[in-house]
Amino acid sequence: MVAKAKSLDDVMLAMDVVDTLRHREHLIEKELDSDERDQKLIERLRDIYTSQGMKVTDDILIAGVEALKKDRFIHSPPKKGFKTKLAYLYITRDRWMKWLGLATTGIVALSLLYSIYVLGPIKQLPDDLAKAQQEILSISKDPKAKTLANNYYDVGTSGLSSGNNDQAKSALKSLDELSSQLGEVYTLQIVSRAGQSSGIWRVPDKNKRAMNFYIIVEAVTPSGKILPQNITSEETGKTKRVDQWGVRVEESVFNRIRADKKDDGIIQNNIFGKKEKYFITPHYNYPSTGATIYKW
């Protein structure tokens, strides 16, 4: 005997029966899990539908109960795995591909900036070091400056060879500063303004019986501007950029300049020395050891 095909309405009613059962969990717990016959559950379901003005046949109610037992009309999600992850990525591609595009653009931009502002200067370091060294050697009239230029260049190339780019950069900076120093022109004037010392004397820590004498000077450009200088103190070994500093002299020179100032308050011979272009050290008009201090 061929089973009679069910209509769509019957199937929909059976699904509604299952849905009603799931939303009324107390019926399922009390009836399906007990030893009572399914008939009692069917009667209760019939009462529910009748109260709602719906007439449902016993066949549909029985079909709904059987379907609930067999978990029909219930969606069971697939187990999580590699395939489900791929499916989820595909479904959500519009969302994550937008962020992927932005991230890719950001990475490309950062790579470009890194190449221009980091790798570029590093690749240029060998040429920059050689150029700075040769420029100093070609213009300097001071053997000491040429020696310094060669030393800085050797330090820089050594840093490049060992992969120490910071060392190479520091050497290049020193070469640039040396080049700027060579281009400076100024006179060393003895400070003689009111309220300021023109000279001082100190008792060195290493020899309490000795006295060191210093004349206080400042670098003045042809336009009258005070030009700060990097001065290394013979007392501490530290270097500082200052406007005024002391140059060590013999006691006789110290007394001569003091007497020059004492007679009328003005130092007539106030030019202690002169720094010419393409030299790094001034030429002194007074005898001096060249030792300096910047604090007193």
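**Reading the largest pocket**

In the largest pocket of this predicted model, helix H8 contributes the most to the lining, with five residues. Residues are numbered from 1 along each chain as its sequence is written, and side-chain values use heavy atoms, without hydrogens and water. Because the model is predicted, local features need pLDDT of at least 70 and side-chain atom pairs count only at pLDDT 80 or more, whereas totals for chains, interfaces and linings use all residues.

Me: What volume does the largest pocket have?

Reply: Rolling a probe the size of a water molecule over the atoms shows where empty space is left. Here the largest pocket has a volume of about 810 Å³.

Me: Which residues lie nearest its centre?

Reply: Of the 25 lining residues, Gln181, Gln229, Asn230, Ile280 and Thr281 lie nearest the centre of the largest pocket.

Me: Is Gln229 buried or exposed?

Reply: Buried means under 20% relative accessible area, exposed over 50%, and partly exposed in between (1.4 Å probe, protein chains only). Gln229 is buried, as its relative accessible area is 8%.

Me: Where is Glu234 found, and which side chain makes a polar contact with its side chain?

Reply: Glu234 is found in the loop between E4 and E5; helices (H or I, at least four residues) and strands (E, at least two) are DSSP runs, numbered from the N terminus. A polar contact is a pair of N or O atoms within 3.5 Å; within protein, one must be able to donate a hydrogen and the other to accept it, and residues adjacent in sequence count only if both atoms are side-chain atoms. The side chain of Glu234 makes such a contact with that of Tyr214 (2.3 Å).

Definitions and conventions
On a 1 Å grid over the protein atoms alone, a cavity is a set of points where a 1.4 Å probe fits but cannot get out, and a pocket is an open set with protein on both sides within 12 Å along at least five of seven lines; lining residues have an atom within 4 Å of a point. Grid points are joined across faces, edges and corners, and a volume is the space filled by probe spheres set on the points.
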